[in-house]
Amino acid sequence: MVAYLGSLAVLFVAAFWQLDTFTGQIVHEYSFSNFQTLWENDVYRQIVLRTVGIAAAVTVTDAIIAFPIAFYMAKVASPRARAALAVAVLMPLWASYLVKVYAWRTILAEDGILNWLLDPFGISRPGKGVIATWLVFSYLWLPYMILPIYAGLERIPNSLVDASGDLGGRPGMTFRRVILPLAFPAVVAGSIFTFSLTLGDYITPQLVSSKQFIGNVVYANVGVANNLPLAAAFATVPVVVMVLYLLVARRLGAFEQL
Amino acid sequence: MQLSRGARWGLRVATGLVLAFLYAPIVVIAIYAFNDRRTQQWPLEGVSTQWFDKAFHNQGVRDALWTSVQAGLGATAIALVLGTLAAFAVARYDFFGRESVSFLVVLPIALPGIVTGMALNSTFTEVLGVDLTLFTVIVGHATFCIVVVYNNAVARLRRTSTSFEEASADLGAHSWQTFRHVTFPQLRSALVAGALLAFALSFDEVIVTTFTAGDGETLPIWILDNLSRPNNLPVVNVVGVVVILLSIIPVYIATRLTSDPVQSAAPGGGGDKVAAAPVP
């Protein structure tokens with residue numbers, strides 16, 4: 001634990017170091033110039049916006065897809081079917097992440113299944129790009145959204161729902177006025193995962209997209225350019241975004257839902 | 001709850017579609033593993049099991065598999081010891097900073113993997129000056145494996161009462177005997193479940209591994225390296241299927257060992273109210 005915290009501390013200190021452009025050596029002098037580079041460089045700013053944008057899009061998509069199945073599991077299915085469904089949703093989560101991304105790469109490929117399916121309709125596949133990234137991220141993190149919403153819906157007492165019906169609320173109204181407000185913190189809890197996992201990932205964009213995301217820039221700066229200070233500064237961006245997100249989530253009562 | 005027939009059917013269909021969506025890519029890779037061509041073309045032109053044979057005799061795959069197994073076992077062993085100790089400290093004793101322990105344990109998996117990876121990498125190479133070997137991979141994996149063991153153990157300890165332990169002590173058992181005969185049997189299935197999950201987590205990890213591994217490749221790293229070699233893709237398909245089976249089977253057993261499958265293997269880990277997710 002000490003080793004881990006020490007490592008994190010080293011990383012954040014490193015964000016304030018510089019890279020000597022002549023020698024390629026890291027100079028241990030402290031300044032904000034790395035952060036300044038991030039802020040003033042258009043390309044970097046665009047990458048940050050693109051990453052946060054796709055994280056938000058993935059979160060909304062997953063919430064919409066997850067709600068019906070979570071609702072079915074929590075309120076309609078029999079207890080036995082419920083347990084079986086929970087395991088069925090959980091299993092793909094643990095199946096190798098890399099193999100799942102690779103499977104999507106195969107599906108989205110030029111002579112892959114998606115093109116074969118879409119060909120009769122005259123539509124072309126999304127190809128390698130932002131849409132493919134959005135699709136694959138939404139797929140990858142979907143169970144993280146389903147499980148918290150399921151747990152949250154299960155905690156809503158049936159008597160509340162019945163009471164709303166007895167008082168004359170039609171199903172649509174009961175859903176909007178009773179279920180949705182009570183389930184909202186669970187959706188926020190799920191969104192913590194979908195949002196943070198998208199922010200930090202660099203392998204999925206690398207495999208299914210040609211666009212750069214925060215993770216790719218960090219990785220390129222550590223591995224190829226050997227500019228650890230800039231990478232560290234860039235890595236603080238998702239951490240800061242997540243801290244802000246967690247603060248908002250806590251206000252919305254999401255922590256009680258985890 | 002009262003729902004119209006139409007709404008019920010709508011929900012049923014939506015559930016079926018979501019499950020199909022979740023399993024489709026896994027099924028696709030399993031089908032591709034039986035492709036008899038070298039090219040990844042859909043629809044397949046023929047079926048064969050030749051790539052299973054090739055993968056089995058591939059030295060790179062064998063080495064990577066062995067490295068992965070070693071890393072998984074090492075990380076699981078460290079996680080079991082440290083995770084159980086931390087769980088005992090938090091669940092059984094009151095001390096300064098107790099609340100922050102559960103936060104700290106979760107941190108490695110709440111932060112993006114690339115941050116953990118970079119932090120460990122710069123510590124190993126710049127500060128400690130050690131070479132990146134299998135040992136550094138094990139330490140790296142242990143940081144995020146601890147949390148699954150910890151969560152399972154803490155949830156179990158909170159549910160079991162301390163009166164058995166007190167009774168054992170009153171009857172004259174010293175603390176080691178109490179642990180061996182009273183506490184440990186209560187904890188055993190939670191620890192096995194935690195260990196299986198930790199192994200599955202380590203076996204599948206890519207990001208932290210790329211930052212902490214030296215020359216030895218783990219299986220996911222082998223897959224990542226070979227994705228850019230079209231000739232090796234048929235073998236990658238087979239390895240992918242094997243990796244999925246090897247990570248799903250321990251998790252399936254783990255869900256059977258604990259009373260509540262969602263609680264034990266879900267993103268949050270145990271019954272603890274913490275934000276935590278397996279590192280992908």
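User: How much area is buried between chain B and chain A?
Analyst: About 6,900 Å². Carbon and sulfur atoms give 81% of that area. Keep in mind that this is a predicted model.

User: Which elements of chain B give two or more residues to the side that touches chain A?
Analyst: In chain B they are α1 (5-32), α4 (98-110), α5 (113-128), α8 (175-204), α9 (207-212), α10 (219-226), α11 (233-257) and α12 (261-265).

User: And which of them gives the most?
Analyst: α1(B), with 15 residues. By class, the side of chain B that touches chain A has 57 nonpolar, 12 polar and six charged residues.

User: How many residues does each chain bring to the contact?
Analyst: Chain B brings 75 residues and chain A brings 70 residues.

User: How many salt bridges are there across the interface?
Analyst: Zero, by the rule used here. Polar contacts do turn up: seven residue pairs between chain B and chain A, both residues at pLDDT 80 or more.

User: Back to α1(B). How do the axes of α1(B) and α5(A) cross?
Analyst: At roughly 80 degrees, and the axes come within 9 Å. In chain A, helix α5 covers residues 97-108. The two helices are therefore roughly perpendicular to each other.

User: Which residues meet there?
Analyst: From α5(A), A:Val99, A:Tyr102, A:Ala103, A:Trp104, A:Thr106 and A:Ile107. From α1(B), B:Phe21, B:Pro25, B:Val28, B:Ile29 and B:Tyr32.

User: What classes are those residues?
Analyst: The contact of α5(A) with α1(B) has 10 nonpolar residues, one polar and no charged ones.

How values were computed
Residues are numbered from 1 along each chain as its sequence is written. Chains are lettered from A and ligands numbered from 1 in the order in which they are written. This is a predicted model: local features need pLDDT of at least 70, side-chain atom pairs count only at pLDDT 80 or more; totals for chains, interfaces and linings use all residues. Side-chain values use heavy atoms; hydrogens and water are left out. Contact means heavy atoms within 4.5 Å. Buried area is the accessible area (1.4 Å probe) that two parts lose on being put together, summed over both. A salt bridge is a side-chain nitrogen of Lys or Arg within 4 Å of a carboxyl oxygen of Asp or Glu. A polar contact is a pair of N or O atoms within 3.5 Å; within protein, one must be able to donate a hydrogen and the other to accept it, and residues adjacent in sequence count only if both atoms are side-chain atoms. Helices (H or I, at least four residues) and strands (E, at least two) are DSSP runs, numbered from the N terminus. Ala, Val, Leu, Ile, Met, Phe, Trp, Tyr, Cys and Pro count as nonpolar, Asp, Glu, Lys and Arg as charged, and the others, Gly among them, as polar. Axes are lines fitted to C-alpha atoms, for helices over the stretch in contact, and angles run from 0 to 180 degrees between N-to-C directions. Angles under 35 degrees count as roughly parallel, over 145 as roughly antiparallel, 65 to 115 as roughly perpendicular and the rest as oblique.
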